[in-house]
Structure formats: C-alpha cells, structure tokens
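Here is a friendly walk through one protein model, written for someone who likes to see the cut-offs next to the values. Please keep the viewer open as you read.

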Amino acid sequence: MVNFLLERTAPLPLDEAWRRLTEWPRHADAVPLTRVTVVTPPPTDEGTRFVARSGLGPLGFDDPMEVTLWRPPTDGLPGLCRLEKRGRVVLGWAEIEVRPGPGGRSRVIWREELRVRLLPGFFDPLLRGAARYTFGRAVNRLLRRG
C-alpha cells in the first residue's frame, strides 16, 4: 500500500478548478491509455460511480470508483471529494481538495492511498513513484485545459 500527496496552485477560481478536476470523463484525456465511463446518471454527487479502464485491449483492467463525499466549493469555502476504489486489481481511495490560494488562485491537494492486489510490498517504492508521476501529470493537464 502506498500513500502520496500532490499539491498544485492554479490561476483559476475555485469553481473552475473543481469543475476541471471532477468531470470524470476528462481524466481519460489526461491519463494515457485510459478511458472513463460514468455509470450513474448526472449530476455528480455522493453515490456517483465511474470506471477507468486502463490498458490496451485485453491487456487492461478496470478501476471502478464511487464518490463517497461530495462537497463542492461554495462562497470561497474549500471543496472536498472522496473517491473509494472498488476494483479487483486497484484498491484504496483518493481525495481531491480545492481551496482558496494566494492572489485569487486555487490550491489543489490530491491525497491518495493506493493498493494493487497481489503486488508485494517490495514494489511499493516503485508504485509510489509511478503513481506520483502519472497523477501529477494528470492533475497538471486537467488544470491547464479548460
């Protein structure tokens, strides 16, 4: 099991940073070899479920997730979303927090606990590095592209 934390400051208002990070299908544009399908009707709220399918053809896996906390930013107050990973391969959770930053910008804090079933703990440092790199790039892309 690995835990990691990403922090970014974006020149965006809170609601726009939140929108860019929580429109789940957009994550497919930011994570290579991944597509995202929302399996519950809109709008996003607690109970929303979606599946990120990563890989090529039969050499892939599903990463089903459920929104278990949904508190969008309002009136300058921080927003917080918690996702529980419910898959056979990938387990854990992620939290996306969007809070006021300096100069009217948004401060993004992404926390994640990640477990890959049957992957020995010996590989945790490699998994942590790969996850930080992949999710870090994804967060950067999501925040840059409207």
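The notes below cover the sheet, its helices, some aromatic rings and a pocket.

This is a predicted model, in which local features need pLDDT of at least 70 and side-chain atom pairs count only at pLDDT 80 or more, while totals for chains, interfaces and linings use all residues. Residues are numbered from 1 along each chain as its sequence is written, and side-chain values use heavy atoms, leaving out hydrogens and water.

**The sheet and its helices**

Let us start with the open sheet: its 7 strands follow the order S1-S7-S6-S5-S4-S3-S2, with antiparallel pairing. Strands here are DSSP runs of E with at least two residues, and helices are runs of H or I with at least four, numbered from the N terminus; two strands pair if DSSP finds at least two bridges between them. At the edges are S1 (2–10) and S2 (34–38), each pairing on one side only. From one strand to the next, the twist averages 20 degrees. Angles run from 0 to 180 degrees between N-to-C directions, with axes fitted to C-alpha atoms, for helices over the stretch in contact.

Within the sheet, S5 (residues 79–86) and S6 (residues 90–100) pair in the antiparallel sense over 8 bridges. Gly-79 has Val-98 in S6 as its bridge partner.

Helix H1 (residues 14–22) packs on the sheet and touches S4, S5, S6 and S7, where contact means heavy atoms within 4.5 Å. The direction of H1 makes about 165 degrees with that of S6. Helix H3 (residues 124–144) lies across S1 and S7, at about 25 degrees to S1.

**Aromatic rings**

The whole structure holds 5 aromatic pairs; rings of Phe, Tyr and Trp (its six-membered ring) pair if their centres lie within 6.5 Å, and planes under 30 degrees apart count as stacked, over 60 as edge-to-face and the rest as tilted. Trp-24 and Phe-50 are stacked because their ring centres are 4.7 Å apart and their planes are at 10 degrees. Both count as buried (under 20% relative accessible area; exposed is over 50%, partly exposed in between; 1.4 Å probe, protein chains only).

| Residue | Relative accessibility |
|---|---|
| Trp-24 | 2% |
| Phe-50 | 4% |

Elsewhere, Phe-4, Trp-110 and Phe-135 form one aromatic cluster.

**A pocket lining**

H3 gives the most to the lining of the largest pocket, with 6 residues. A pocket is an open set of points on a 1 Å grid over the protein atoms alone, where a 1.4 Å probe fits, with protein on both sides within 12 Å along at least five of seven lines; lining residues have an atom within 4 Å of a point. Of the 26 lining residues, Val-31, Ser-54, Asp-63, Lys-85 and Phe-135 lie nearest its centre.
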